Each structure stands twice: as structure tokens, then as C-alpha cells.
Amino acid sequence: MIINSHSTVETLPENIQGNKTITLEQIDTTCQVILHCRHYGCNAECGKSIRCEINLNPGIALVPAEGDSPSTILHTYKINLPPKKNYKMDYCTEFTLIFSALPKNCTSFHFIEPDAPGAEGWVIRNIKRSSTDVYRLTFSNQLSYEGEIDF
Ligand SMILES: [Zn+2]
């Protein structure tokens with residue numbers, strides 16, 4: 001997916017596993033929280049003849065329902081944080097967000113993207129903690145989530 005003409009897909013830090021090229025699946029994600037996100041267009045032409053901008057507020061956080069301190073964003077894949085811009089090039093835009101660990105005792109949390117002026121924030125409350133801490137989020141007219149199934 002092309003985000004815009006000036007950006008490239010972010011590569012992983014090299015210090016995770018020496019100089020070997022690794023994929024997202026191979027990172028030691030023991031404590032991190034991975035959100036695979038799908039963002040759907042606001043109408044049938046969105047991402048085709050209309051190029052809406054996806055604005056990701058860098059203050060985005062996972063807030064434990066128990067009230068502990070929030071997990072903050074560590075990395076993004078296939079989406080840029082400001083000041084870089086993201087324009088929809090497809091009706092369905094896929095990207096991944098990686099957050100710092102949630103507290104061990106956390107059983108559910110809220111995904112909160114603060115409101116930016118003139119834009120509506122994304123909020124998904126009471127996401128049930130999964131044992132893998134990998135989740136799929138869907139952003140469309142209704143926001144929803146699924147915990148990754150364990151095998
Ligand atoms: Zn749109």
C-alpha cells in the first residue's frame with residue numbers, strides 16, 4: 001500500500017536481532033501489544049477517486065480499565081505519525097500499531113485516540129485482554145475489535 005509519495009514503509013530497528021532482516025512476526029513481542037487495524041472508506045469512492053486523509057494522533061493510548069498508567073505507542077507500520085500525512089489509496093487501508101506492555105493484572109482496556117481539532121477521535125472501550133495481546137481493530141462507521149485466536 002502506498003501511503004504517500006514521500007514515505008517509505010518503516011523498517012524494524014536492527015538491534016532487536018543483530019543485523020538479520022526480520023519480519024513483524026519474528027520480533028520478541030512478549031510484552032508489547034499489537035493492533036492490526038483496518039480502516040474502511042467513508043463512502044464507496046473513498047480511497048479511489050476521493051483521497052481522504054487518515055490522521056493518527058500521537059497521543060493515542062491503551063488505557064487499562066483498572067485505571068493503571070496507559071500503554072503508549074512504540075512503533076507504527078504502514079501508517080505515519082504527524083507531521084507526515086496519510087492519504088487513503090484503497091477503500092480498505094491496513095496498518096499496524098505497536099504499544100508498550102499493559103500491566104499484568106489488566107483484564108480489559110480502552111483504545112483511545114484523543115480528538116484533534118476538527119477531527120473525531122477513535123475510541124473503543126472495554127477491549128477484553130487476550131493472552132497473545134494481538135488484536136484486530138476495524139475502523140468504519142462502527143469501530144470494533146477482535147482478540148486474536150490462540151492456536
Ligand atoms: Zn473518505
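The model is predicted: local features are taken only at pLDDT of at least 70 and side-chain atom pairs only at pLDDT 80 or more, while totals for chains, interfaces and linings use all residues. Residues are numbered from 1 along each chain as its sequence is written.

Start with confidence. pLDDT is the predictor's confidence in each residue, from 0 to 100. The chain has a mean pLDDT of 81, and 74% of its residues reach 70 or more. Confidence is highest in E4, at a mean of 97, and lowest in E8, at 80. Over residues 1–19 the pLDDT is below 50; beyond near neighbours in sequence, this stretch has 24 contacts in the model. Where pLDDT is low, the predicted coordinates should not be read in detail.

Now the fold. The chain has 0 helices and 8 strands. Helices (H or I, at least four residues) and strands (E, at least two) are DSSP runs, numbered from the N terminus. Along the sequence the pattern reads β-β-β-β-β-β-β-β.

Two strands pair if DSSP finds at least two bridges between them. Strands of a sheet pair through backbone hydrogen bonds, either parallel or antiparallel.

Take one pairing in detail. Strand E2 (residues 61–64) and strand E5 (residues 108–112) run antiparallel, joined by 4 bridges. Within E5, His 110 is the bridge partner of Val 63.

Next, the interior. A residue is buried if 20 or more other C-beta atoms lie within 10 Å of its own, exposed if 12 or fewer, and partly exposed in between, with C-beta atoms placed from the backbone. Of the 151 residues, 18% count as buried. A nonpolar core is a set of buried Ala, Val, Leu, Ile, Met, Phe, Trp, Tyr and Cys residues joined through C-beta atoms within 7 Å. The largest such core has 18 residues; Val 33, Leu 35, Leu 62, Leu 97, Phe 99 and Ile 127 have the most contacts inside it. Strand E1 (33–40), strand E4 (92–99), E5 and E6 each give two or more residues to this core. The largest share, 4 residues, comes from E1.

Two residues are in contact if their C-beta atoms, placed from the backbone, lie within 7 Å. Leaving aside neighbours within four places in sequence, Phe 99 contacts Gln 32, Val 33, Leu 62, Ser 71, Thr 72, Ile 73 and Leu 74. Across the chain, residues 24 or more positions apart account for 62% of the contacts with a separation of 6 or more.

Finally, the backbone. Most residues other than glycine have a negative phi, and most peptide bonds are trans. Which peptide bond is cis? The bond from Pro 82 to Pro 83 is cis, with omega near 10 degrees. Pro 83 sits in the loop between strand E3 (71–77) and E4. Lys 78 is also found in the loop between E3 and E4. Lys 78 has a positive phi of about 65 degrees although it is not a glycine. Lys 78 counts as partly exposed because it has 17 C-beta neighbours inside 10 Å. Asn 126, in strand E6, has a positive phi of about 55 degrees. Asn 126 has 11 C-beta neighbours inside 10 Å, so it counts as exposed.
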